[in-house]
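Hi there,

Here is the structure I promised to pass on. Have a look at it first, and then read my notes below.

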Amino acid sequence: MKIAITGTSGIVGGFALRVATAAGHQVTALDRRSGYTLGDAPDLSGHDALIHCAFAHAPGLYRGGEGDDAQGFRRANLDGTIRLFEAAADSGVGRILFLSSRAVHDGHAPGINLTDDLPACPANLYGEVKARAEDHLRGMRLYGSSIRATGIYGPGPAHKWRGLFADYLAGREIAARAGTELHGDDLARAMLLLLEQNNPPPVVNAGDLILDRRALLAEVRHLTGCTHPLPPVADISALRVLHCARLAGLGWQPGGFGLLRASLPAMLESRADM
């Protein structure tokens with residue numbers, strides 16, 4: 001396939017670019033380096049599919065990423081996404097994959113199981129924008145899927161645990177915390193799998209591990225020989241866990257703790273010096 005991917009200079013877009021290229025697809029990278037800005041309406045004639053990962057936000061923030069400019073955030077990320085979807089359709093692109101987020105479910109009760117068919121219930125502007133973009137894509141007459149992804153990890157100079165690893169290795173106190181995680185390569189493979197379907201589901205969940213910081217840093221301790229104390233075990237009773245039955249039904253199998261363990265050496269090499 002010839003695939004246009006937005007946000008390839010970002011974390012998820014970078015994984016999507018690498019995995020799609022390795023799979024033999026012809027990829028057009030749409031990011032700041034190529035002159036693309038979210039809100040543009042590029043001519044995508046000749047492309048079979050679009051993967052939309054780009055998102056404008058305050059550095060390091062998604063929830064709360066609007067800062068003090070909610071109107072600008074909504075204009076860039078909702079209006080800009082809709083403009084992109086319509087431009088793709090006008091160019092004859094038949095398949096669109098939208099990177100949504102588990103944040104569309106932030107308004108649901110603590111501890112609830114997040115199934116694929118659970119209606120969105122956003123509790124912040126980030127989740128609202130993602131949910132409304134999903135709705136627009138669902139109403140278009142083409143093959144479109146929104147993938148509600150959990151937190152993404154994986155090697156790279158800006159990986160999410162650089163600061164955490166540096167704090168632990170420096171002996172700083174680490175607070176107890178647990179969350180759900182997914183390797184960026186597994187997310188990218190799920191995206192390509194959805195693009196290959198003749199009748200893809202309109203919305204899917206994508207998550208893998210329930211990961212406690214204590215377990216993560218125990219692996220860091222093993223690899224580095226660091227003897228600093230580990231944080232206590234976190235309470236996960238209120239955690240909302242994504243269930244991924246639709247992707248599993250298509251044969252998707254994320255890498256689990258084994259992939260996490262295999263990724264850690266490269267992630268430790270690029271940790272921040274804090």
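This is a predicted model: local features need pLDDT of at least 70, side-chain atom pairs count only at pLDDT 80 or more; totals for chains, interfaces and linings use all residues.

How many bridges join strand β1 to β2? Strand β1 (residues 2-6) is joined to β2 by 5 bridges, and the two run parallel.

Residues are numbered from 1 along each chain as its sequence is written, and side-chain values use heavy atoms, with hydrogens and water left out.

Some terms: strands (E, at least two residues) and helices (H or I, at least four) are DSSP runs numbered from the N terminus. Two strands pair if DSSP finds at least two bridges between them.

β1 and β2 belong to an open sheet of 6 strands with parallel pairing, in the order β2-β1-β3-β4-β6-β9. Its edge strands, β2 (26-30) and β9 (203-206), each pair on one side only.

Helix α3 (residues 125-138) lies across β4 (95-101), β6 (143-149) and β9, at about 160 degrees to β4. Such angles run from 0 to 180 degrees between N-to-C directions, with axes fitted to C-alpha atoms, for helices over the stretch in contact (heavy atoms within 4.5 Å).

There is also an open sheet of 3 strands, ordered β7-β8-β10, with mixed pairing. Here, 4 bridges join β8 (residues 178-183) to β10, and these two run antiparallel. Glu181 stands opposite Leu209 in β10.

Enjoy exploring!
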